[in-house]
Amino acid sequence: MVGGLLRTAVCAFALAGAGLSGANPGVEPLPVAEIAPGVHVHSGHQAAWPGARADAVQGDIANLGFVIGEHCVAVIDTGGSPALGQRLLAAVQRTTTRPVCFVINTHVHPDHTLGNAAFAALEPRPRFVGHARLKASLAARAPFYREALERELGVVTTAADIVPPDLEVDASTELDLGGRRLRLQAWPTAHTDNDLSVLDEASATLFAGDLLFIGHLPVIDGRLLGWLEVMDRLASQDVRQMVPGHGPPTRDWPAALATQRRYLEGVRDGIRRALADKRTIADAVEALADTGIDGWLLSADFHRRNLTAAYAELEWED
Amino acid sequence: MNTLTSLLLAAVLAAGLAGPAQAQAQQKSDPDNPEANATWQQMRTAVFQGRPITTPAEAVLSLDAPERAQDAAIVPISIRTHVEQRPERYIERVYLMIDNNPSPMGAVFHFTPRSGRADIETRVRVDAYTHVRAIAEMNTGELYMATRFVKASGGCSAPPGKDAAAAMASLGKMRFRVEGEVEAGKPALAQLMISHPNNSGLVMDQLTRMYTPAYFVRRIQVSYAGEPVLSADVDFSISENPNFRFYFVPSGAGELKAEVIDTNDLRFETVVKVGAGT
Ligand SMILES: [Zn+2]
């Protein structure tokens with residue numbers, strides 16, 4: 001089972017890493033697993049962001065990663081709070097002495113972006129990389145994310161904790177880490193309007209961001225029909241393993257994409273039927289509230305929301 | 001910014017009265033006590049001159065909204081009224097308020113006897129835990145209120161829209177239809193959909209420190225056979241792609257016509273032919 005293997009790898013790494021010098025004493029490095037040579041992944045909790053004051057989640061719900069080249073390191077997503085960014089940085093620095101040259105955000109959501117500030121303080125400052133529409137989305141949403149973090153966890157942030165991209169990708173681009181290239185692809189609106197995937201060519205590992213959910217119910221915050229199209233294009237890629245935004249990294253990513261497709265198509269078809277039956281948005285959400293969620297985690301948090309978003313999108317179909 | 005709230009307050013505020021609590025001041029609300037909210041108390045004085053308001057008022061109107069805003073950008077609101085719209089006594093206005101939104105007065109709907117029923121369904125943004133209010137004002141002046149407490153959902157749900165570029169690209173597209181069988185003299189249900197980003201303009205660009213300009217639908221006028229059946233002053237508390245369901249009373253064959261005006265004074269118009277009783 002993938003989860004079991006990962007956990008073993010985490011423990012093994014913690015022992016191996018204990019000897020390396022930590023640059024930031026007092027900050028506990030996030031546990032990470034090396035899923036391919038030079039490719040490290042931290043697995044977040046399967047929970048809703050940001051969690052509650054009393055629980056262990058503390059904003060730590062997304063998968064975060066870093067890839068080590070011969071010259072420098074690229075970080076892929078930074079965690080759901082400034083403290084998690086610090087802990088991810090500590091994990092990087094415990095693993096390698098090479099500097100971080102790129103911080104890539106796969107999309108705007110707070111569990112992927114709120115750790116950015118830890119890396120903005122580095123000298124020299126890394127480039128922050130995102131989809132061409134990330135900056136606008138982050139500006140619009142960050143005030144709500146900051147408020148939620150304070151309301152739910154009591155974590156007070158400042159405007160400086162929100163770090164927008166300074167290298168914007170509107171189609172695709174390559175980043176050179178020294179003897180190792182990352183290929184970045186900006187997608188049309190899918191999970192959000194600013195999804196960016198990261199392919200490590202050396203290991204054929206694709207960081208899909210939240211274009212792929214495993215376990216955690218997929219969340220529609222962009223365009224359902226667009227997402228289904230993007231999934232077709234993802235499925236045709238030649239990659240060895242995928243790191244989803246949530247859930248365990250997997251080599252059997254075609255099956256994971258198929259499972260996600262089944263859910264999203266179920267939402268699409270259910271809402272189309274409700275529209276044909278002239279149900280209102282509230283009635284449609286009620287009628288489909290228990291449909292299609294078997295086997296998924298967090299459906300109580302996100303299924304109705306997905307139905308709501310899908311209705312508002314699909315009622316404009318011709 | 002000329003929000004509906006500030007326009008309303010400017011029109012009625014007595015000199016010396018403090019302005020509305022604006023964007024930054026997050027009001028605390030008590031779910032069990034709809035009266036205990038500073039913004040509401042201000043609006044109550046300024047808009048309703050402290051007149052008595054009957055609440056709850058199930059015999060006049062009820063308000064439906066989800067207890068938890070699943071998607072803070074799209075919160076369905078349904079206001080149902082239980083008063084026949086007769087010329088001698090009818091609901092003339094329905095105010096839709098969201099206490100803790102940056103511009104609390106989300107919409108003011110104006111009805112006539114030819115509306116048939118003063119029901120309205122729409123979708124709103126909810127910025128924070130808040131009371132939502134529907135207040136009916138009779139042509140004879142009495143006020144009735146229904147309230148619901150709505151919790152903003154989990155942290156990653158946010159009121160801004162989902163695809164800013166797409167929203168601008170389809171700006172002004174409209175859908176307008178009458179639902180079900182139409183019978184002369186009986187209230188018929190219509191739905192108006194307007195493609196518009198309807199954004200708040202309260203978003204600050206973190207780099208330039210500039211606010212994006214607000215851009216939203218501000219007025220809607222619907223007439224049937226040349227007679228007004230619904231008009232509304234609305235605001236950016238209404239969700240992206242504003243959507244309204246309402247009633248009108250068809251007579252013979254006639255045209256149902258909707259005119260929409262946004263804050264850039266762009267006007268959009270759409271018409272649906274209604275063949276009542278034919
Ligand atoms: Zn996401």
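The following legends describe close-up views of a predicted model.

Residues are numbered from 1 along each chain as its sequence is written, while chains are lettered from A and ligands numbered from 1 in the order in which they are written. In this predicted model, local features need pLDDT of at least 70 and side-chain atom pairs count only at pLDDT 80 or more, whereas totals for chains, interfaces and linings use all residues; side-chain values use heavy atoms, with hydrogens and water left out.

**View 1. The zinc ion and its protein donors in chain A.** The zinc ion is held by A:His107 (NE2), A:His109 (ND1), A:His191 (NE2) and A:Asp210 (OD), which lie 2.0 to 2.3 Å from it; donors are N, O and S atoms within 2.8 Å of the metal (3.2 Å for Na, K and Ca), and sites may look incomplete, as water is not among the atoms. Along the chain these donors follow the spacing H-x1-H-x81-H-x18-D. A:His191 belongs to the loop between strand 9 (181-186) and strand 10 (196-200) of chain A, and A:Asp210 to strand 11 (residues 205-213) of chain A, so the pair ties together parts that are 19 residues apart in sequence. The angles subtended by the four donor atoms run from 86 to 167 degrees, which makes the arrangement irregular; four donors count as tetrahedral if all angles lie between 85 and 135 degrees, four count as square planar and six as octahedral if opposite donors are over 155 degrees apart and all others between 65 and 115, and anything else is irregular. A:His191 is buried at a relative accessible area of 1%, and A:Asp210 is buried at 3% (buried means under 20% relative accessible area, exposed over 50%, partly exposed in between, with a 1.4 Å probe and protein chains only).

**View 2. The open sheet of seven strands in chain A.** The strands are arranged in the order 1-2-3-4-5-6-7 with mixed pairing; strands (E, at least two residues) and helices (H or I, at least four) are DSSP runs numbered from the N terminus, and two strands pair if DSSP finds at least two bridges between them. Strand 1 (33-36) and strand 7 (167-169) of chain A stand at the edges with a single partner strand each, so one side of each is left without a neighbour in the sheet. Strand 4 (residues 73-76) and strand 5 (residues 100-104) of chain A are parallel partners over four bridges, and A:Ala74 stands opposite A:Phe102 in strand 5 of chain A.

**View 3. The open sheet of six strands in chain B.** Here the order is 2-4-7-14-11-10, and the pairing is antiparallel. Strand 2 (61-64) and strand 10 (174-179) of chain B are the edge strands, each with a single partner, so one side of each lacks a neighbour in the sheet. Six bridges join strand 10 to strand 11 of chain B, with B:Met193 in strand 11 of chain B as the bridge partner of B:Arg175.

View 4. Strand 7 (residues 120-124) of chain B runs antiparallel to strand 14 of chain B and is joined to it by two bridges, B:Ile120 standing opposite B:Phe246. Strand 11 (residues 188-194) of chain B pairs with strand 14 of chain B in the antiparallel sense over six bridges, and B:Gln191 stands opposite B:Arg245.
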